[in-house]
Amino acid sequence: MGTAGDSEKKPTVVFVLGGPGSGKGTQCANIVEHFGYTHLSAGDLLRAEIKSGSENGTMIQNMIKEGKIVPSEVTIKLLQKAMQDSGNDKFLIDGFPRNEENRAAFEAVTKIEPAFVLFFDCPEEEMERRILSRNQGREDDNIETIRKRFKVFLESSLPVVEYYDSKGKVRKVDAAKPIDEVFEVVKAIFTPEEEKVAV
């Protein structure tokens with residue numbers, strides 16, 4: 001891992017937030033390809049842990065079955081492990097923190113503050129249209145469930161966006177636009193100032 005001095009260098013973390021159907025996944029894939037970030041989805045890590053059949057995975061599965069929220073510490077440990085295992089120092093953390101408690105716990109446990117929060121702002125009607133049209137066979141993609149997920153997003157995740165907004169750390173993207181246009185805006189956000197040479 002290089003010298004001891006290197007380990008002091010904190011990784012760059014960008015939280016990616018946006019309601020269901022806001023196009024987060026697509027844009028994260030673009031950012032990974034263009035800017036060399038590692039994309040970590042809290043949901044994917046939890047699902048992978050369950051699949052692994054570990055003791056931790058069984059506990060997570062039981063909590064989800066009972067409709068309980070998985071404790072922040074559990075998710076954060078999985079994120080930390082994935083960050084260490086990746087060998088990278090730039091991360092997009094997608095779908096986390098889902099609420100204020102997640103956010104406070106992440107900063108307390110990892111001692112990392114995000115460089116910024118990429119917020120995909122998309123009206124509910126547009127998200128509904130996208131989710132229903134993609135119909136990827138996710139059983140949670142019916143209209144009632146979508147509205148419920150959107151409501152949960154507004155109630156729990158928006159306070160996180162507001163918290164970082166008060167620190168000037170939110171980069172808001174109009175996600176209702178076509179994918180290519182959205183990525184142009186995203187690219188500008190991720191391009192270091194010194195590379196943004198006047199055209």
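Student: Let's begin with G95. Where does G95 lie?

Tutor: Keep in mind that this is a predicted model. G95 sits in the loop between β3 (90-94) and α6 (100-110).

Student: Is G95 buried or exposed?

Tutor: The call rests on relative accessible area, and buried means under 20%. G95 comes out at 16%, so it counts as buried. Setting aside residues up to four places away in sequence, G95 touches V16, K24 and A42.

Student: Which residues does UniProt list along with G95 under "binding site"?

Tutor: An unreviewed UniProt entry gives R47, K68, I69, V70, G95, F96, P97, R98, R138 and R149 under that label. Take R149, which is found in helix α8 (residues 143-166). R149 has a relative accessible area of 22%, so it is partly exposed.

Student: And N102, where is its place?

Tutor: N102 is in helix α6, and the unreviewed UniProt entry lists N102 as "binding site" too. With a relative accessible area of 6%, N102 is buried. Leaving aside neighbours within four places in sequence, N102 is in contact with S72, I76, F96 and P97.

Student: What does V13 touch?

Tutor: Not counting residues up to four places away in sequence, V13 touches M83, F91, I93, F106, I112, P114, A115 and F116.

Student: Last one: how do I read a pair of packed helices?

Tutor: You describe the pair by the angle between the axes and the distance between the axes. Here, helix α3 (residues 42-52) and helix α4 (residues 55-65) pack at an angle of about 115°, with their axes 7 Å apart. The crossing of α3 past α4 is left-handed.

Student: Which residues meet in that contact of α3 with α4?

Tutor: From α3 you have L46, E49 and I50, and they meet N56, G57, I60, Q61 and I64 in α4. By type, the residues of this contact divide into four nonpolar, three polar and one charged.

Methods. Residues numbered from 1 in each chain as written. Predicted model: local features only at pLDDT ≥ 70, side-chain atom pairs only at ≥ 80, totals over all residues. Heavy atoms only, no water. UniProt positions renumbered as here; feature names shortened; annotations may be inferred. Helix = DSSP H or I, 4+ residues; strand = E, 2+ residues; numbered from the N terminus. Buried < 20%, exposed > 50% of the residue type's maximum accessible area, 1.4 Å probe, protein only. Contact = heavy atoms within 4.5 Å. Axes fitted to C-alpha atoms, helices over the stretch in contact; angles between N-to-C directions. Left-handed = near helix turned anticlockwise from the far one by under 90°. Nonpolar A, V, L, I, M, F, W, Y, C, P; charged D, E, K, R; others polar.
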